[in-house]
Structures are given as structure tokens and as C-alpha cells.
Amino acid sequence: MRFTRVLSRLCIVLIVVAGCTDRSFTPTVPEALEVGKAKTIFGATTREPLPNGTFGPERSDTLRLLELTVSIPPSHSPGQLDFAYAEPNPETQFTMAGRQRLDGMAELNRRIERELKNYPVGERDITVFVHGFNSTQAETAFRAAQLSNDIGIPGATIIYSWPSQGNPLGYAYDGDSVLFARDGLEQLLRNLKPGVSNRVVLVAHSMGSQLVMETMRQMEIKTPGWSSKNLGAVILMSPDLDVEVFRSQMRRIDPVPQPFVVMVSRKDNVLNLSQRLRGTHNRGRLGNLKSLDDVSELPIEVVDTTAYADTAESGHFVAATSPAVLSILNSARQTAAAFDREALSIQRLFPGRLVVDKEDNAVEITLSDNYQANIYRGEDR
């Protein structure tokens with residue numbers, strides 16, 4: 001009864017919040033680049049286009065491709081994502097400065113190749129970011145730009161924008177859209193041409209992790225071994241995914257791409273609510289994993305960010321909104337070249353001084369700025 005009252009109050013708050021802001025349109029302001037720093041974000045979407053040139057929540061069978069330019073404000077601090085929908089201030093807010101339609105995968109690959117030439121050989125990764133529940137296309141582009149900037153991700157960034165309703169009450173619609181969007185993500189991944197020496201890194205947040213896992217599973221059924229051959233890394237951040245379903249999906253992926261990282265927090269209130277709404281309050285989601293025993297035999301690394309949840313702007317996206325975690329990720333990227341290919345795979349993402357406790361299967365990483373992270377890995381492979 002108590003939970004019912006709490007849920008009712010939450011729904012009232014969400015309805016009020018949803019009604020206060022029009023998230024359907026974000027203007028393009030080219031003049032923003034006069035004050036902000038430009039970041040190119042490529043886009044692939046199965047959203048239906050709107051008359052105003054943007055993309056809404058309706059589903060489309062056609063995969064459309066874009067090149068977006070985001071202006072990062074000079075006042076930006078790591079972990080913050082400040083933007084407005086109607087009248088953005090480029091001095092203080094992320095602003096959409098350019099939108100351009102691309103004519104098919106051939107043109108997208110040409111534009112990506114041109115973008116990668118801005119980086120040294122060895123730093124020409126292609127990062128594909130898949131957003132989570134309650135997201136619009138513009139919000140996803142802003143978040144991808146913020147992450148790329150704060151971590152210093154080299155190479156090209158692509159968002160796969162699946163048809164989320166962009167509404168806090170659209171959880172069921174978004175869950176169906178995840179299943180609808182699998183073919184579009186497969187089409188994008190199969191047709192990317194990263195070049196011989198470049199990696200495709202697949203990153204997903206929240207409900208987007210379900211989409212990534214379902215897509216990888218269906219691709220493995222068609223082409224066994226595809227994921228390991230074509231993906232340089234997979235990172236699931238705060239995955240809103242049932243642990244048993246995840247284990248079932250992983251059984252179809254052989255071998256598993258490495259590194260395969262799952263970032264969790266036991267203080268993720270959004271996932272706590274998700275499991276209650278599903279009637280599984282006694283069973284956590286993958287993103288708020290309570291026990292490593294549930295995934296101990298899987299060839300993955302689990303990164304526990306619980307210690308940083310209280311200081312993060314979003315407890316459901318600690319990896320993107322905690323300055324401490326962003327510092328760890330950035331330091332890891334800058335020093336990854338110091339480790340050879342035989343090193344533990346997590347070291348290539350989180351290098352530093354490592355102390356490995358084989359008995360507890362834990363790795364402590366200490367960086368020069370005194371930040372720490374707790375890393376757990378599955379059985380030796």
C-alpha cells in the first residue's frame with residue numbers, strides 16, 4: 001500500500017514535469033560556434049522525420065543518416081550537461097549549431113573517414129552511442145558531445161537514435177521501440193567501414209543496453225563470431241536489463257568482444273524503480289547488480305561506481321555526470337598505450353597502478369589524482 005502511494009505521487013510529479021517543457025523541438029543556431037567549441041556528432045535514426053526538420057518519437061522503417069554540429073559552451077565543466085529547448089544561450093549551454101542530412105551509408109563512411117584524419121593513427125576509433133529511456137534526438141547528441149569532450153574520446157562519434165517517446169511516462173512505448181529498432185542498429189553496424197587499424201566501440205546507456213544486446217544476439221545468430229571480429233569494445237552504462245535475460249543473450253555471443261565492460265551502481269534509484277514496476281523488487285537489474293555471483297562466469301568486467309553516486313549529477317548516469325569517474329576515464333584513455341595487448345583487458349580502459357587480489361577477484365586502480373575505482377572481472381579466460 002505504501003509503495004502504491006509513493007508510485008502515485010511520482011506519477012503526478014512526472015506528469016507535471018512533462019507538461020512544463022516542450023522537448024519536441026531544438027533550434028539550430030549556427031552563430032553558437034562564434035563562442036562555443038564545435039563537436040561533430042554523426043547520427044543514425046529510425047525516428048520519423050518531422051516537418052520542422054527534426055525527428056520525433058514515431059517509428060520509421062527507414063534508417064536516416066545525419067551530421068550534427070554541437071556547440072560546447074566555454075563555461076562547461078566536466079559532468080555537466082546544460083541546454084535549453086527553445087532559446088539556448090551558447091555562452092552557458094550546449095547548442096545545436098548545424099544539421100545536415102547524409103545520402104546513405106557511403107556518404108556517412110566518407111564523412112567519418114574525413115573526421116578520423118583529424119586524429120593520429122591509433123586514435124581513430126568510431127564510438128557508437130546508444131541512448132536510453134526518455135530521450136530525444138537532440139538530447140542524445142548533446143550527451144554524446146559532452147561525453148566525448150569530457151573523456152577526450154578520440155575519433156568519430158555516432159549516435160544511434162531509436163524512437164524513444166521522450167516522455168517520462170513512455171516506459172512501455174520505449175520498451176517496444178527497443179525491439180523495433182534492432183534492425184536499424186544492425187544495418188548501421190554492418191555497414192560501417194572503420195578501416196583496418198580502427199576500432200568500433202559500442203557504448204549504451206540504460207534501456208539502450210537491451211537494444212545493444214538484442215542486436216548483437218541477432219547478428220550472432222546470422223553470422224557467428226561477428227561481434228568479436230568487428231567490435232573493439234562494448235561498454236554498458238547503468239544497463240536497465242534483467243540479469244537472467246543478459247546471461248541468455250551472452251550465451252549467443254561467442255567469442256565475446258573484449259573488453260566488455262558493465263558499469264553499475266547500487267544507488268541507482270531509477271533502476272530500483274524499474275524493478276519494482278516490473279514486479280521484480282527482490283531481483284535487481286544488471287545496472288544495480290548486488291552480487292557478482294550472478295555474472296561471475298561471464299567474460300566481462302564489472303565497474304562499480306556506487307562510491308561516486310552521491311556526488312554525480314545523475315545517479316542513473318554516474319559515468320557521464322561524476323567528475324571523479326570522468327577523470328578516471330580520461331586518465332585511462334591518455335595512458336592506455338603504456339599497456340601491451342597481453343594485459344588484462346580492463347587495463348586498456350582503466351590503466352594505472354593495479355593491485356590484483358586473486359582471492360576476491362578484485363582490482364584496485366589508483367591514478368595520479370588519487371581517484372580510485374573498484375573493478376571486478378569474471379573467471380580467467
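**Exercise 1.** Is R111 buried or exposed?

*Solution.* Start with the ground rules: this is a predicted model, where local features need pLDDT of at least 70, side-chain atom pairs count only at pLDDT 80 or more, and totals for chains, interfaces and linings use all residues. Residues are numbered from 1 along each chain as its sequence is written, and side-chain values use heavy atoms, leaving out hydrogens and water.

Next, the cut-offs: buried means under 20% relative accessible area, exposed over 50%, and partly exposed in between (1.4 Å probe, protein chains only). R111 has a relative accessible area of 12%, so R111 is buried.

**Exercise 2.** Find which residue forms a salt bridge with R111, and say where the two sit.

*Solution.* A salt bridge is a side-chain nitrogen of Lys or Arg within 4 Å of a carboxyl oxygen of Asp or Glu. The partner of R111 is E67, with the closest N and O atoms 2.6 Å apart. Now place them: E67 is in strand β2 (residues 55–72) and R111 in helix α2 (residues 105–116), so this pair links parts of the chain 44 residues apart. (Helices are DSSP runs of H or I with at least four residues, strands are runs of E with at least two, and both are numbered from the N terminus.) E67 is buried as well, at 9% relative accessibility.

**Exercise 3.** Work out which parts of the chain the E139 and R23 pair ties together.

*Solution.* First, check the contact: the side chains of E139 and R23 form a salt bridge of 2.8 Å, N to O. Then look up the places: E139 lies in helix α3 (residues 137–151), while R23 is in the loop between α1 (2–20) and β1, so the bridge ties together parts 116 residues apart in sequence. Finally, the cover: E139 is buried at 11%, and R23 is buried at 18%.

**Exercise 4.** Name the residues in the network that includes E186 and K222.

*Solution.* Begin with the E186 and K222 salt bridge, whose closest N and O atoms are 3.2 Å apart. E186 sits in helix α5 (residues 182–191) and K222 in helix α6 (residues 208–222), 36 residues apart. Salt bridges with shared partners join E186, R190 and K222 into one network. Check the cover too: E186 is buried at 6%, but K222 is exposed at 55%.

**Exercise 5.** How many salt bridges does the structure hold?

*Solution.* The count is eight.
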